[in-house]
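I opened this structure to look up two things.

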Amino acid sequence: MANGDFFTASYRMTGNVATTASGLFGLLNDKARASLNLEEVYVSYVSSPSAIIEQSSTAYLPKSAIEIIVLPKTASLGPEALIRGGFSRVVQHKVLITTHHYEVRGSVELPGQMELDVLLTEGSSNFIVVYSATANLCLNPKATFSGEAIIINRRCVDFIARQS
Amino acid sequence: MAALLLIDDSPEVQRLFQVAFKTKLGYEIVIAANGEAGIEAALRSSFDVIVLDVMMPGMDGYTVARQLRQNPKTKDVPIIMFTARAQPTDKTAALEAGADAILSKLASFDEIMAAIKEVTKSKSAATAASGQVIGVLGCRGGVGATTLAVNVAASYVRRGQRACLLDLAPLSGHAALVLRMSPKPSWDDLSGEINNETVQPLLRQHASGVHLLAAPPQPPSFEMSNHSFNRLSQTLASAFNVVVINCSPSLDATSRAAVAAASRLLLVTSPEVTAVQAAKGIMSYLHSLSLPAERLRVVVNHAAKDMTLPSANIVMALGRTIDAELPYDESQANALLQGMPLVFLAKSAPLPPYVLGLASLLQKM
């Protein structure tokens, strides 16, 4: 079971997702499933992220609607080998990744000294993992969300910048 | 044996507390699976600490915390929010709702224990403080609430007690100006942890003996949360016999917290139609907050010479008796010029006996 905060353009959904051995990252990249089945979901507007406006025992969230997922623990992600695409030696790069509504700061892991654009162009995964990450809402930078990992929907990325 | 109320719908969490706290540590545990049942349980028995989930079916944890804080029976019971939503924004919301601490559901057992010990310890220290907290709330500007707050605080000093005046009315209050003191430092200089070490350097003692924690002369740089205010008032109450709080008539969040925390509240109006109407509006608002009637005292202050609305009309308009009517005292102008509370300056003037009597009445209530 993976617990986290799932952010779309307008909503924050806190809930659990039942996962298999491939973890949440495996589930997100499972091409046979277009949505996540969230359980025990509590919904807020991202503009007022702590006020609970709705709750439900089950909710279906299209993967395409997800912008970022904040995970308190990396254990929910799944096996490291799957996330690293099979590479065992990786280098950490500090990055700022912006999506349409969020700014995410943290570290990405890339094989060797590869350029950051591989995050957008290489591989078949639709999602990027940023470790020790913090996300800000662009329109309300005081609203911050942090976790051991933040997963970003690659299709929503506006730009990636290297941070020193 | 310590008594703990757990309000959480999760069977796993309920089991954890049963095993860890009841079986291993000997706590007396009462479990409620939703907010409504939790409030009922909290009102039925006394608890040393309440551990409260945020995400529950029906009433969420923030609403439960607010309701517990509004009830005199549960307003001082330490509350720990125990939640999967533990982002900084959630922490702020939890503290605003009245929680003393917030813990992530990923916290270890040791962290949970440490948090419970910490909040129960700080609440015990606050409860041990004997200081009485008195709120003074003007129904609007110009009714003399700040001057009255200064003189009430000075009355206690005259009686040999240690009194502190906390001015929460920036721009409209200026207790510092009434006492001819600098409004710096002020509570706006508070940052981080609020405790005796951080609050004491901000206090200034007036020649009368009254200690002042001034309001900032500019709009404050932050709005004090309920949690921060409660810490501040507890810190002051632990150091003084009496804390007099000059509340802002605009009833901003901090002043609302002060109204809730005060054991006695003086609502100050003056004998003219608009002030009485404003007082009536505030009384209605206080009623909506379920403020116990016995905590409220209504004072009619003749702040100017030509205020002539008869008391009977005020009583009829407010629908309650007036607890004190303070006469106009022209020596007040001289007191303001000298920056000295009138109760010290002109003991034979008309006003001081009334204020001293009012201060005495407040401690007997």
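Predicted model: local features only at pLDDT ≥ 70, side-chain atom pairs only at ≥ 80, totals over all residues.

**Cores.** I looked up the largest nonpolar core and found 82 residues in it. B:Leu165 and B:Leu236 have the most contacts inside this core. Helix α6 of chain B, residues 145–158, gives the core its largest share, nine residues. I then noted a second, separate core of 28 residues, with B:Ala32, B:Ile39, B:Val54 and B:Val77 among them. In general, nonpolar side chains tend to be buried together in soluble globular proteins.

**Around B:Leu236.** I set aside the neighbours within four places in sequence and listed what B:Leu236 touches. The contacts are B:Cys164, B:Leu166, B:Val199, B:Leu203, B:Leu213 and B:Val243.

**Interface.** How many residues does each chain bring to the contact? I read 17 from chain A and 16 from chain B. The two chains bury about 1300 Å² between them, with 50% of it on carbon and sulfur atoms. On the side of chain A, the residues that lose the most area to chain B are A:Tyr42, A:Ser50 and A:Ile52, together 37% of what that side buries.

**Polar links.** I found one salt bridge across the interface of chain A and chain B. The side chains of A:Arg12 and B:Asp90 meet in a salt bridge at 2.8 Å, N to O. Polar contacts between the chains come to 10 residue pairs. In chain A, the elements giving two or more residues to the side that touches chain B are β1 (2–7), β2 (11–17), β3 (35–45) and β9 (140–153). I sorted the residues of that side into seven nonpolar, seven polar and three charged.

How values were computed:
Residues numbered from 1 in each chain as written. Chains lettered and ligands numbered in written order. Heavy atoms only, no water. Core = buried A, V, L, I, M, F, W, Y, C linked by side-chain atoms within 4.5 Å. Buried < 20%, exposed > 50% of the residue type's maximum accessible area, 1.4 Å probe, protein only. Helix = DSSP H or I, 4+ residues; strand = E, 2+ residues; numbered from the N terminus. Contact = heavy atoms within 4.5 Å. Buried area = accessible area lost by both parts, 1.4 Å probe. Salt bridge = Lys/Arg side-chain N within 4 Å of Asp/Glu carboxyl O. Polar contact = N/O pair within 3.5 Å; in protein donor to acceptor, adjacent residues only side chain to side chain. Nonpolar A, V, L, I, M, F, W, Y, C, P; charged D, E, K, R; others polar.
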